[in-house]
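This report looks at how parts of a protein chain pack against one another. Please keep the sequence and the structure at hand while reading.

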Amino acid sequence: TAKMGTGGLSQNFINSLGCEDGINDPSYLTYNCPNEGIVVRAHEIEGGVQAVKNHRQEHPEGKCLIVTAIRSPKPWLPSLYVQRKRVCENISMTKEEMLQDYKQWLSVVNNVVTAFEDCLPGLLQEFNGGSLVEQAKVMDHNNGYSILESASSDSVFAGCELLFLRMEQHDRWPEIIETMIPGNEFYEGESRATQCPELADHIMMLQEYELTNEEKMAIYSNGGPSIADWFDAYGYMENSSQNNIESYNAPEVSLSI
C-alpha cells in the first residue's frame, strides 16, 4: 500500500540481497537477486499477484515472503498528499495555500480510499488475517508485527508467509526481519522532508495539522468498511472504543517514501 514504508522496505531487501533492476511493469517493479531470487515492489495487489505468479511458473518450488506495513492515518494522510500532489516539485505554494489545498484534497474521500484499498485489505483476505482491529491486538502482543500464512492452496500466495509490520515500531524492524531472513543488513532511507529540504517547513506544517472531527468523520463514514476498520485499529476517531495505538508516541518514520 502506498505510503506504508514500501520504498524503504523494498530497498532494504534489494541492498541486503544484492539485487539488480529487473522488470519495470506499470503495476510492479522487479529486482533480480542471486540464486534466481527476486524482489518485487508493488502498491497494488494485482501487480504483486502477477509478478509472483510469473516467477513461480519458472521456479515452482521457490520460497516466498510477502512484507507489508501499516501506519496511523495521522501521518499517512499528509504523506500521501505530498506524494500525490508532487509537493517537492512545487516550491511556489505558500504554507497557507498548501494547507487549504490539503484540506480540499482531504474532502475528496476517494483520494484516500483508492490509495488505502489498493493492497492491504486484499492481502489480509488472501492470508485470512481478519480485521485490522484483530491484527492490532496481535501486534500489541508481538511488539509490532504479525506473521500470517496463506489459507488457500489455490491462491497464488500458497506456501507464502506474510510479514505484517507496524510503522510506529519501525525501530524493531531490523530485529524482526533478521528472524525471517538471517543475515539481512537493514537499510533505512530518507524522509520526504530530507529529500526536499526547501519545503521541510511546509511538510512539517502538514504533519502537525490536526484534522477536525468533521474531516475525520467524512472519511470514516464515507470511506467504506476497510477505512473504518483502519481508523478503529488506531483509535483515530474521537471517543473510539479501541485502544489508541498512537500512544506509542513514536518519532516520524525515516524511510524512503
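## Two crossing helices

In this predicted model, the axes of helix α5 (residues 109-117) and helix α12 (residues 225-233) come within 10 Å and cross at roughly 85°. An angle from 65 to 115 degrees counts as roughly perpendicular, and therefore α5 is described as roughly perpendicular to α12.

Where the two helices meet, α5 contributes Val112, Val113, Phe116 and Glu117, while α12 contributes Ser226, Ile227 and Trp230. Sorted by class, the contact of α5 with α12 has 5 nonpolar, 1 polar and 1 charged residues.

Helix α2 (residues 45-58) consists of 14 residues and reaches 21 Å from its first C-alpha to its last, which is close to the 20 Å expected at 1.5 Å a residue. Within α2, the residues Ile45, Gly47, Gly48, Ala51, Val52 and Arg56 are buried.

Leucine 65 belongs to strand β4 (residues 65-70) and is partly exposed, with a relative accessible area of 29%. Apart from its neighbours within four places in sequence, leucine 65 is in contact with Glu161, Leu163, Met180 and Ile181. Although leucine 65 and isoleucine 181 are 116 residues apart in sequence, they are 9.4 Å apart in space, C-alpha to C-alpha.

Key:
Residues numbered from 1 in each chain as written. Predicted model: local features only at pLDDT ≥ 70, side-chain atom pairs only at ≥ 80, totals over all residues. Heavy atoms only, no water. Helix = DSSP H or I, 4+ residues; strand = E, 2+ residues; numbered from the N terminus. Expected span 1.5 Å × (residues − 1). Buried < 20%, exposed > 50% of the residue type's maximum accessible area, 1.4 Å probe, protein only. Axes fitted to C-alpha atoms, helices over the stretch in contact; angles between N-to-C directions. Parallel < 35°, antiparallel > 145°, perpendicular 65-115°, else oblique. Contact = heavy atoms within 4.5 Å. Nonpolar A, V, L, I, M, F, W, Y, C, P; charged D, E, K, R; others polar.
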